[in-house]
Amino acid sequence: MTSPNTPSARRPASDYPPGSMAFPHRHLLGIAGLQPWEIEFLLDEAEQWVDLNRQASKHDDRLAGLTLINAFFENSTRTLLSFEIAGKRLGADVVNMHAAQSSVKKGETLIDTAVTLNSMRADAIVIRHGSSGAVQLIADKVGCPVLNAGDGTHEHPTQALLDALTIRRRKGQIAGLRVAICGDILHSRVARSNMICLSTLGAEVRVAGPPALMPPAVESMGGTPCRSFAEALDGADVVMMLRLQNERMQGQFIPSPREFRHLYGLTDAKLALAKPDALVMHPGPMNRGIEIDSHIADNAERSAITDQVEMGVAMRMACLDVLTRRRRGVEGWA
């Protein structure tokens, strides 16, 4: 294993298929269907942007003249800001569209919105929507690359990619690691994308949560369901905690937040079941004192939560760069 914050060696460009064959997809709508080398290609592409973002001058002009629209039909702080910063650091003109200020609130259909955005000649559109499949619907109607920033309980691909990048940089590898994902699995698009992503890259992914918050097809997404939080944590190299997705719940799924914390909250005693150097992660926002104790979240040696935020900008810069190469006429991609 490498020391904390030391990136693993990047694969040489010659290891990948040439040009667009390294990532032949027009959109990034999910992790499902991506090959391991396609995921690794995006991770390696992000490394250069990690380096740039740590410099005094954080600017590159490769997307100069391109227009990026962030169309968010759901509230967001981290993801929206991360995509906005990513686009601007690459030199793009970035426009944020909030649903509360759009014609969607006046009854416009999603397809009409897609047609409107397409007519504005955007060069890439980032979409977050509360309904699973909505991003695919829009992607089918527009002529530019679409990036999924989270759709319903379906997928959140860039979150999984940034998590994979965080793990690889902190642990030096992903293959062979034991990763525990715990909390509200049923409503979490982050859990779905991470199960698919990390298992595709060779990790053993264990999943735990209240029985009512566990989806029936965890195995098909690359996860192994555990009977208890302790079983998932046993010998884990990485512990990824998830909050209760109350905004997506219809009905009573747990007796109370206090009961959830007692059984599934990450405390010192529970974390001791994982490996001594286990990495603690959380996609945010956190509910401190419920799914994770504050002093664990703030432990710089064990917690990678701030690293995840940093890697988010670099990963989204990589995705915007790669998906617009065809549009920019980059050699081998045109």
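Tutor: Happy to. This is a predicted model, where local features need pLDDT of at least 70, side-chain atom pairs count only at pLDDT 80 or more, and totals for chains, interfaces and linings use all residues. Residues are numbered from 1 along each chain as its sequence is written, and side-chain values use heavy atoms, with hydrogens and water left out.

Student: How many helices and strands are in the protein chain?

Tutor: Both are DSSP runs numbered from the N terminus: helices are H or I with at least four residues, strands are E with at least two. On that basis the protein chain has twelve helices and nine strands.

Student: What is the radius of gyration of the protein chain, and what does the globule rule give?

Tutor: The radius is taken over C-alpha atoms, and the rule is 2.2 Å times the number of residues to the power 0.38. For 334 residues the rule gives 20 Å, and the chain is close to that, so it is as compact as a globular protein of that length, with a radius of gyration of 20 Å.

Student: What share of the residues is buried?

Tutor: Buried means under 20% relative accessible area, exposed over 50%, and partly exposed in between (1.4 Å probe, protein chains only). Of the 334 residues in the protein chain, the buried share is 56%.

Student: Which helix gives the most to the lining of the second largest pocket?

Tutor: A pocket is an open set of points on a 1 Å grid over the protein atoms alone, with protein on both sides within 12 Å along at least five of seven lines; lining residues have an atom within 4 Å of a point. Of the 14 lining residues here, those closest to the centre are Ala13, Tyr16, Phe41, Asp44 and Glu45. The top contributor, with four residues, spans 36–53: helix α1.

Student: Where is Arg121, and is Arg121 buried or exposed?

Tutor: Its phi is near 60°, a positive value in a residue other than glycine. Most residues other than glycine have a negative phi. Arg121 sits in the loop between α3 (110–119) and β3 (124–129), and with a relative accessible area of 68% Arg121 is exposed.

Methods
On a 1 Å grid over the protein atoms alone, a cavity is a set of points where a 1.4 Å probe fits but cannot get out, and a pocket is an open set with protein on both sides within 12 Å along at least five of seven lines; lining residues have an atom within 4 Å of a point.
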